[in-house]
Amino acid sequence: MREHNSAQVKMAATGHWKEIFLALAPSLKHAVEHAGHHVACPVHGGVDGFRLFPNYETTGSGICNTCGAKTDGFSMLMWVNNWTFRQAINAVGDLLLGKEENACGKGTVPEKDPKTYVGRFESLKELPYKHKEGNKLSLCLSLVDEHGELTELWGQRLKFACQTAGVVPGDWISVCRVAREHRTYRDGAASYQKSLWMVRKVDSPAEQAEKDRKRREEEEREAVPKREAIEAVWNASLSLTRKESLAIPALKYLRSRGICPRDGWGSNVLRVHPGLTYFDAQDKLVGIFPCLVAAVKDPQGRLVTLHRTYLSADGRKAKVDVVKKIMPVPNGQTIKGGAIRLGEPTDTLGVAEGIETALSVSRLTHQVCWSVISEGGMRTFEIPLGIKNLVIYADKDRSGVGRKAALELAKKAKARGINVKVKEPPMSIPAGAKGVDFNDYLRQQLRA
């Protein structure tokens, strides 16, 4: 395996993660065949703890309910294959750009805005370049698109790209020039360019239309039982404002974190379920536990799924591998950009990662604060219309991930003309701890 330029490989991989996963990560084959749907995790097993996002062919992204989101194909390969970043780059580079010497020389320049050509593969012939007599011979790849328009692409490396993709005349293919390599003749008198191409087989327009139709039908079929399960759990859950013994575990848990119920604290989206089943990564039943249940809503305010915090009967975190889980999202929906809406904001809104963190902010500031669930949720959160002031309460961790995600959201808010502030808990990270959040700060203040 030779060393490849990471920027060039990233450019080449965009839009081609289906082929990359099938070639380099056999454990993802089932997920690829059911992209957008929940399947068994390629690392942990189980039943439906993993899915590739619908746009995964472009980005390579997906999510494991246990390990979290993998935001690009390289992190996905590192996770499933236990590779380093460099191993992932070189393996993808070998696949897409070839192993031969000088395939990615120092003079290689990635295409800034690569254009993709799609059509029926008609022929690949060696002809005088641009059909002009006297020109050197070059390979000409002919494509005919769905409207009958002919496109001719020229380059010696088109043969290697077609062989790598395993395509033959008659196939529908996409062709993209991913980079240009500048070379100099041996005598040094002149220079020339070699193009690096990426070819992949695609569905014909008719095949794609039929697949889309079947996918929509399948999504709806699979979405129905998931929506019904979400509604059943929500309807069986109790309001935290009711004085019932079944709500005691959740109330004790929140009070142990310094959070006390009061009007406007998010009781419309927080409930307690007296007993939900917990299955481990191998789909083995561990037990039944009371749960703090939170409604996760999309940017339009529609219920998408439920966030569950598994508890013990005496109000502590349950002794399970993963205390916090999200119910499977119905097909065709996403929590991207959404939040757990802990109150109704005015023109000012606070956001934080966890539920307990957001509620702590509300107690400290008397300000409505929503939970975006995770660092990934912070990055993708869609700020509602009408918000003029956004306060981002970032987690402070040694890795700096929490602050980085907060700054990304702040940049997006500023681009919309929203006044934005980023705040971190005004306390040091204790020795041995990975980080602190505003719930840690609240409890520190209560102990003082």
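Which strands does H8 lie across, and at about what angle does H8 run to S12?

**View 1. Helix H8 on the sheet of a predicted model.** H8 lies across S11, S12, S13 and S14 and runs at about 125° to S12. Contact means heavy atoms within 4.5 Å; axes are lines fitted to C-alpha atoms, for helices over the stretch in contact, with angles from 0 to 180 degrees between N-to-C directions. Helices (H or I, at least four residues) and strands (E, at least two) are DSSP runs numbered from the N terminus.

**View 2. The open sheet.** The order of its 5 strands is S11-S12-S13-S14-S15, with antiparallel pairing; two strands pair if DSSP finds at least two bridges between them. Strand S11 (238-239) and strand S15 (324-326) are at the edges with a single partner strand each, so one side of each has no neighbour in the sheet. S12 and S13 are joined by 8 bridges, and His-273 has Cys-291 in S13 as its bridge partner.

**View 3. The largest nonpolar core.** This core has 46 residues, and Leu-240, Leu-270 and Tyr-310 are among those with the most contacts inside it. S13 supplies the largest share, 7 residues. A nonpolar core is a set of buried Ala, Val, Leu, Ile, Met, Phe, Trp, Tyr and Cys residues joined through side-chain atoms within 4.5 Å; buried means under 20% relative accessible area (1.4 Å probe, protein chains only).

**View 4. Surroundings of Tyr-310.** Beyond neighbours within four places in sequence, Tyr-310 contacts residues including Leu-276, Phe-289, Cys-291 and Val-320.

**Notes.** Residues are numbered from 1 along each chain as its sequence is written. In this predicted model, local features need pLDDT of at least 70, side-chain atom pairs count only at pLDDT 80 or more, and totals for chains, interfaces and linings use all residues, while side-chain values use heavy atoms, without hydrogens and water.

Notes. Buried < 20%, exposed > 50% of the residue type's maximum accessible area, 1.4 Å probe, protein only.
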